[in-house]
Structure formats: C-alpha cells, structure tokens
Amino acid sequence: MAQPLKGFSMRTIVVTNERGGIGKTTLTCHIAWHLAEQGKRVVVLDLDKQCHSAGMLKAEFEQIGPVQSILDFAPGEEPPALACFKNTRQVVELTTDGPQQGQHIAAYVRAIRAGLAKHYDYCVIDTAPAWDGRNLMALIASDYVAVPLDPDKTARQSLNEISQSISLANKVRGEGNETRFGIVFNRVQTTSEVSKMLMERIGQALPANVVPHTIPHREHMREAALLEIPVWRLAKDTRRSAPVLREVVSYIVDQAEREAA
C-alpha cells in the first residue's frame, strides 16, 4: 500500500470532470481568487494543455513553468505568493498501467507536495477533460475533489467516469486514506423540472457527496470569465450570482481543511 499523503500543512483542492465545457476552469479560478483575497499563499497547477485557468488568472497570478521548477527554488528564494504553473504536459510522462506504476506516481506526488508545502497554504489543481497520468497524480494528491456537474442527460455517465478514476486513485493512496469528493451542480436551470429530478436522484444516491449549494445558470458567469475576473468584481448587480458562488467555494475550502486535519 502507498504511504498516506496526509500530514502536509498545505491543502490541495482538485477540480475535475473528464468531460469538457463543464465549468472546471471557472470553479478553479474562483477558488483561487477567493483564497487570494483572504491573504493566503496560493499555487495553481493547470494540467489542461490549453491552460485556460492560467489565462484567466494571469492578471494576479505569476505564470511559472514548466512545472519541474516547482522543485527548483533556490535556497532562501521566496517564490511568488500567487503562482500558476502551466505547460504541464511534462508533469508526468507515465501511464496508469499496473499498481507498480501507480506507486511511482504516488512517490512523485509526495515529492511535489513536500516541495510546495514549504511555500504555499493552498494548491488548487485544474485537470484536463480526459483521463491520463496527470489526472491520476492530481487525485492522489488531493485533500478534497470538487466535481462540477451539469444536471443533464450526461450527468450519470460523468459521475460513473469520475467514480472509477477516484477508485483507482484510492487504491494507490492506500486503505483508510480515501479521497473525499463533492458534486457541485453547475449552470442549473432553476425552472427545469428535469434538472431538479436529476439532482434529487443523485442527492439520494450520494447524500454525503453533494455540495449543499448549486450554481445557477447566469450570464454574469460568462461575462466574468470573458473579463478574467471573479463574478463578485463585476461592475453591476451580481446579487443573484456572487453570493452563491462564494458559498460554494467556501464550502469546498472548509471540506479540504476538514479532510486534511
């Protein structure tokens, strides 16, 4: 069994869904912005080769890459308080075939976490819309996994995919060290009876894994993404968007703290 990955002062939050266009980048960036505004030292790992998170955060987070430089800070060097590592195709050129391979990835994860924990309070990881060794690395490293999910006809298949991936990561992490995940219903059409029914069914099946706040479908979210700012900084009335997004990211951060304690 792999050695437990707990015990680091740095908290690691992973945002994942193996489907694209589901809202991972928006949620990742809002978690990072929220933590930065609280005065936390935050590093973001953008594992998507298109680097959307790195692009949205560029105004406030110093862009550093490739990710190998995480472990290359000179003695006494203080890295930026807000950093985003991108170009992470080279993070791990490994497959997920066989338990021994998983152990190698786990060892690599432990080295990265130990290196980052010296400098950062939080690590937020945005994953690619696919399954590969980088996503396995992220799941192994996680204290908490946030799964944005559209309550539509693809929701069950998406949950099945991520459940299998988390199960594989848990085998590598070892018994008694399973990762906790939370489903974030995103872009919810509040008037849709079909969406309500799907959310109720998922909530009944996984009551301990549903974040108790949903993100409604709002034009404010798209506008904020285009402007590369958090929705609560839009120069307009965002009372129907910003408070609920704050509730979601606060809940995710609280769960990561609880899991890492």
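So, Cys51: you'll find it in the loop between E2 and helix H2, residues 52-57. Keep in mind that what we're looking at is a predicted model. Most residues other than glycine have a negative phi. Is Cys51 buried or exposed? Its relative accessibility is 14%, so it counts as buried, the cut-off being under 20%.

There's another residue like that, Arg187. Here too phi is positive, about 55 degrees, and again the residue is not a glycine. Arg187 sits in the loop between E7 and helix H6, which covers 193-205. Its relative accessible area is 32%, so we call Arg187 partly exposed.

Okay, on to the sheet. How many strands form it, and in what order? Seven: the sheet is open, the order runs E3-E4-E2-E5-E1-E6-E7, and the pairing is parallel. At the edges you have strand E3, 62-64, and strand E7, 181-185; each has a single partner strand, so one side of each is left without a neighbour in the sheet. Ignoring direction, neighbouring strands here are turned by 20 degrees against each other on average.

Let's zoom in on one pair. Strand E1, residues 11-15, and strand E5, residues 122-126, pair in the parallel sense over five bridges. If you want a spot to look at, Thr12 stands opposite Cys123 in E5. And H1 packs on this sheet, touching E1, E2, E4, E5, E6 and E7; the direction of H1 makes about 165 degrees with that of E5.

Now the helices. H1, residues 24-37, also meets helix H8, residues 242-260: their axes come within 10 Å and cross at roughly 80 degrees. That's why we call H1 roughly perpendicular to H8. On the H1 side the contact includes Leu27, His30 and Ile31, and on the H8 side Leu245, Arg246 and Val248 are among the residues involved. By type, the residues of the H1 and H8 contact split into eight nonpolar, three polar and two charged.

Last one: helix H4, residues 133-141, and helix H5, residues 155-173. Their axes come within 9 Å and cross at roughly 60 degrees, and H4 passes H5 in a right-handed crossing. From H4 we have Leu136, Leu139, Ile140 and Ala141, meeting Ser165, Ile166, Leu168, Ala169, Val172 and Arg173 in H5. In the contact of H4 with H5, eight residues are nonpolar, one is polar and one is charged.

Technical notes
Residues numbered from 1 in each chain as written. Predicted model: local features only at pLDDT ≥ 70, side-chain atom pairs only at ≥ 80, totals over all residues. Heavy atoms only, no water. Axes fitted to C-alpha atoms, helices over the stretch in contact; angles between N-to-C directions. Helix = DSSP H or I, 4+ residues; strand = E, 2+ residues; numbered from the N terminus. Left-handed = near helix turned anticlockwise from the far one by under 90°. Contact = heavy atoms within 4.5 Å. Nonpolar A, V, L, I, M, F, W, Y, C, P; charged D, E, K, R; others polar. Parallel < 35°, antiparallel > 145°, perpendicular 65-115°, else oblique. Pairing = 2+ DSSP bridges. Buried < 20%, exposed > 50% of the residue type's maximum accessible area, 1.4 Å probe, protein only.
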